[in-house]
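This briefing is for a reader meeting the structure for the first time. Please look over the sequence and the 3D view before reading the points below.

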Amino acid sequence: MRKKKSYLKRLFFTILLFHINGPISAVLETCKRLKALGKAEVTYLPVDSSGWVEMKDLQEAIRPETILVSIMYVNNEVGTIQHIREIGSLLKRQKHKVYFHTDATQAMGFLNCNVDFLGVDLLSFTGHKIYAPKGIGALYIRQGVEIARQTDGGMQESGLRSGTENVPYIVGLGRAVEVIKKEKGRNQKILTYRNELIDLLTKIPGVRLTGHKTQRSPHIASFIVEGVEGEAMVLALSNLGIYTSSGSACTANDLSPSHVLKAMGYKDELSHGSIRFSLGRKTAKKDIELVIKVLPKVIDRLRKMAPKL
Amino acid sequence: MTDLFSKLYSPLVLKHFSHPKNVGEIKNADGVATVGNPVCGDVMRFYIKVGSKNGIDYIKDAKFQTLGCGAAIATSSILTQLAKGKNFSQVTKLTSKNIAETLGGLPAAKVHCSVLAYRGLMKAISNYQKNNH
């Protein structure tokens, strides 16, 4: 990001970040690269056990050199909703301009993403989570915010991203957004199913919900299951036609456990037992009933196979 | 996702995951060993019962208990199957590579599970040898 001529004076700028894991490695990796190039300092904000960024931690972290704060609206792993609007207000009260970016991928279609309501300068999201074809996303840039261009060439997209526009996908994204507006009843249904899943699964001994209890998106429910490994659960469920994911190290190519759960204070041995459900447009009552019916048996079988420690 | 797993795991690995052989404890085991740890996400415990044939020790029975991913369960299962009936010198010649090959291959990220299983069985044999001198 450049701030006209003052960029040269400000060799370092700091970015405050809460983007851990998930699809937002795009943000994380970009920051790592900027840091490696000596162009920026990155501060990672701590979170509490529900995954919330605390306002006081944010305020304390802001320095005169801070130029950008980037915070995920809804955490993709546990579903916790950040107080983006409150953060936007806090940033407006600072003595100098701090740009505010949020990734709203998991919030689109569920929460208020109006950029003025949120008080953001930049908002990004990927289209496939709202059923646009995979391979298209969007970045909202508030008027007056200057971005360094990503590619050189024919100066498409107001000179910011040269390269022939992917017209069919752009149309697909637009259509996906139109469809959201029409599907008003969907969220209530998803919320009901999610609550049912949470109520019944947490009745299984040694199963805990992760993420905030109430400030959570309607479509994500992630749990920690004691005494069981996550990938084994994912595999067993997939054999039964239920497709889930896990923050377990065994599911990652680099064998590292979920950074999200770690940041929330969960020990590695617990995060290995994580299992995540995400509900969508096609989720039906029978899907929830199937999970409720089979998951306890899967957990039981895997627990019986484990050594007593 | 089944596609993902079938591309990730061979049919034999999937079979040993869904229907593992020799799961459980041996109550009066001749050798026991635990490898791995919950922090890493994989823990395996091997039990062996040792018999003697013509004065040579061999693995009469082997059981396992595993807390771990699909590959961890499959490798411990197949290892106990491979080990049964073999004498110690034959078991030592088995390598983690054999385990992976017998299973029809393992993804690169999962090879360490076969190594852990092999170490576990070796440790159980050592445990027996220590108690029988």
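The model is a predicted one. Two packed helices are described by the angle between their axes and the distance between the axes.

**Helix pair in chain A**

- Helix α7 (residues 186-201) of chain A packs with helix α11 (residues 285-305) of chain A, at an angle of about 10° and with the axes 10 Å apart.
- Because angles under 35 degrees count as roughly parallel, α7(A) is roughly parallel to α11(A).
- On the α7(A) side, the contact is made by A:Tyr193, A:Glu196, A:Leu197, A:Leu200 and A:Leu201.
- These meet A:Lys285, A:Ile288, A:Val291, A:Ile292 and A:Leu295 in α11(A).
- Sorted by class, the contact of α7(A) with α11(A) holds eight nonpolar residues, two charged residues and no polar ones.

**Helix pair in chain B**

- In chain B, the axes of helix α3 (residues 70-83) and helix α6 (residues 111-131) come within 9 Å and cross at roughly 40°.
- That angle makes α3(B) and α6(B) oblique to each other, and their crossing is right-handed.
- From α3(B), the residues in contact are B:Ala71, B:Ala72, B:Thr75, B:Ser76, B:Leu79 and B:Ala83.
- Their partners in α6(B) are B:Cys113, B:Ser114, B:Ala117, B:Tyr118 and B:Leu121.
- The contact of α3(B) with α6(B) has eight nonpolar and three polar residues, and no charged ones.

**Cysteines**

- Over all chains, the structure holds zero disulfides.
- For B:Cys69, the closest cysteine sulfur is that of B:Cys113, at 3.9 Å; a disulfide needs the two sulfur atoms within 2.5 Å, so this pair is too far for a bond.
- B:Cys69 is buried, at 0% relative accessibility.
- A:Cys31 is also buried, with a relative accessible area of 6%.

**Loop residues with positive phi**

- Most residues other than glycine have a negative phi.
- A:Met155, although not a glycine, has a positive phi of about 60°.
- A:Met155 sits in the loop of chain A between β6 (137-141) and α6 (167-182), and is partly exposed, with a relative accessible area of 46%.
- A:Ser158, also not a glycine, has a positive phi near 55°.
- A:Ser158 lies in the loop between β6 and α6 of chain A, and at 76% relative accessibility A:Ser158 counts as exposed.

Key: Residues numbered from 1 in each chain as written. Chains lettered and ligands numbered in written order. Predicted model: local features only at pLDDT ≥ 70, side-chain atom pairs only at ≥ 80, totals over all residues. Heavy atoms only, no water. Helix = DSSP H or I, 4+ residues; strand = E, 2+ residues; numbered from the N terminus. Buried < 20%, exposed > 50% of the residue type's maximum accessible area, 1.4 Å probe, protein only. Axes fitted to C-alpha atoms, helices over the stretch in contact; angles between N-to-C directions. Parallel < 35°, antiparallel > 145°, perpendicular 65-115°, else oblique. Left-handed = near helix turned anticlockwise from the far one by under 90°. Contact = heavy atoms within 4.5 Å. Nonpolar A, V, L, I, M, F, W, Y, C, P; charged D, E, K, R; others polar.
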